Amino acid sequence: MSVRIDVLTIFPDYLAPLGLSLVGKAREAGILDLHVHDLRNWTTDRHRTVDDTPFGGGAGMVMRADVWGTALDEILTPDAHLLLPTPSGQVFAQPTAHALAAETHLVVACGRYEGIDARVAEHYRAAGVRVSELSLGDYVLNGGEVAALVVVEAVARLLPGVVGNPESLVEESHGEAGLLEYPVFTKPPTWRGLDVPDVLLSGHHARIARWRRDEALRRTAARRPDMLEALDPAALDARDREV
Ligand SMILES: O[C@H]1NC=Nc2cccc(F)c21
């Protein structure tokens, strides 16, 4: 089963990295059917205008609803989920990536930072389209293209067959355990006087698993206490509580 993702943007070249590496392979394998569209293809005036000054005044420009409407009417399908990257959206996180990876059609409408005319989201919600406004976090970008890159990569890597070893999706940060990932090491065993923790060289799998769990808990407590707070207490065993 392949997922179709359509990305609409006035900067299609910004999405070029999606042709590389993991996402590129998913496209070649037919797992991901990705199409990037230049929004200006749906303009009708000589200057290919996509935005205008905001009603009510204020700095910057707002993207026009009529141009977006013409484009989205053509691109949306009945089972499409319309994603609108915006700083005023819900913060995108791994659970949403998993939910989106189960969809069959995602349409990402990349707006500029000042935003897309609010009637676009309103119109398509009223028409029964699932619309999600997604933020990357509390910082300022100039448009939705970087968010589109983030969402597409986060979703694509969850699709069956994209990541070589699905096991690697389980233990990663923000994965099922709800913890940050433990530290990782590889050869050489000593580097600039720093040794790899002995337990990792012991071959004792139970001890290694315990050490990794302890390190994940320690890191999460130190860097993201909010994630620890959010953990279901039942997910912590007695040994965990000693960490
Ligand atoms: O301002 C940024 N902050 C966080 N997320 C975003 C998503 C889309 C556009 C945008 F400008 C942003």
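## Basis of the model

Residues are numbered from 1 along each chain as its sequence is written, and side-chain values use heavy atoms, with hydrogens and water left out. In this predicted model, local features need pLDDT of at least 70 and side-chain atom pairs count only at pLDDT 80 or more, while totals for chains, interfaces and linings use all residues.

## The second largest pocket

The second largest pocket holds about 370 Å³ of space. A pocket here is an open set of points, on a 1 Å grid over the protein atoms alone, where a 1.4 Å probe fits and protein lies on both sides within 12 Å along at least five of seven lines. The volume is the space filled by probe spheres set on the points, which are joined across faces, edges and corners.

The lining consists of 27 residues, and Pro85, Thr86, Pro87, Ser88 and Gly115 are nearest the centre of the pocket; a lining residue has an atom within 4 Å of a point. At least two lining residues come from each of β5 (80-91), α4 (119-126) and β7 (130-135). With 5 residues, β5 gives the most. Helices (H or I, at least four residues) and strands (E, at least two) are DSSP runs numbered from the N terminus. By class, the lining has 14 nonpolar, 9 polar and 4 charged residues.

## The ligand

The ligand sits in the second largest pocket, meaning that more than half of its atoms lie within 2 Å of the pocket's grid points. Around the ligand are 13 residues, of which Leu136, Gly137, Tyr139, Leu141 and Gly143 come nearest; a residue counts if one of its heavy atoms lies within 4 Å. The shell has 8 nonpolar, 5 polar and no charged residues, and β5 supplies its largest share, 3 residues.

A nitrogen atom of the ligand lies 3.0 Å from a backbone N or O atom of Leu136, and a polar backbone atom of Tyr139 is 2.5 Å from a ligand nitrogen atom. For Leu141, a backbone N or O atom is 3.1 Å from a ligand oxygen atom. The protein buries 100% of the 290 Å² that the ligand exposes when taken alone, with accessible areas from the Shrake-Rupley method and a 1.4 Å probe.

## Two backbone features

Most residues other than glycine have a negative phi, and most peptide bonds are trans. Arg48, in the loop between β2 (32-38) and β3 (51-52), has a positive phi near 55 degrees. Lys187 and Pro188 are joined by a cis peptide bond, with omega about 0 degrees. Pro188 lies in the loop between α5 (145-156) and β8 (190-191).

Definitions and conventions:
Ala, Val, Leu, Ile, Met, Phe, Trp, Tyr, Cys and Pro count as nonpolar, Asp, Glu, Lys and Arg as charged, and the others, Gly among them, as polar. A polar contact is a pair of N or O atoms within 3.5 Å; within protein, one must be able to donate a hydrogen and the other to accept it, and residues adjacent in sequence count only if both atoms are side-chain atoms.
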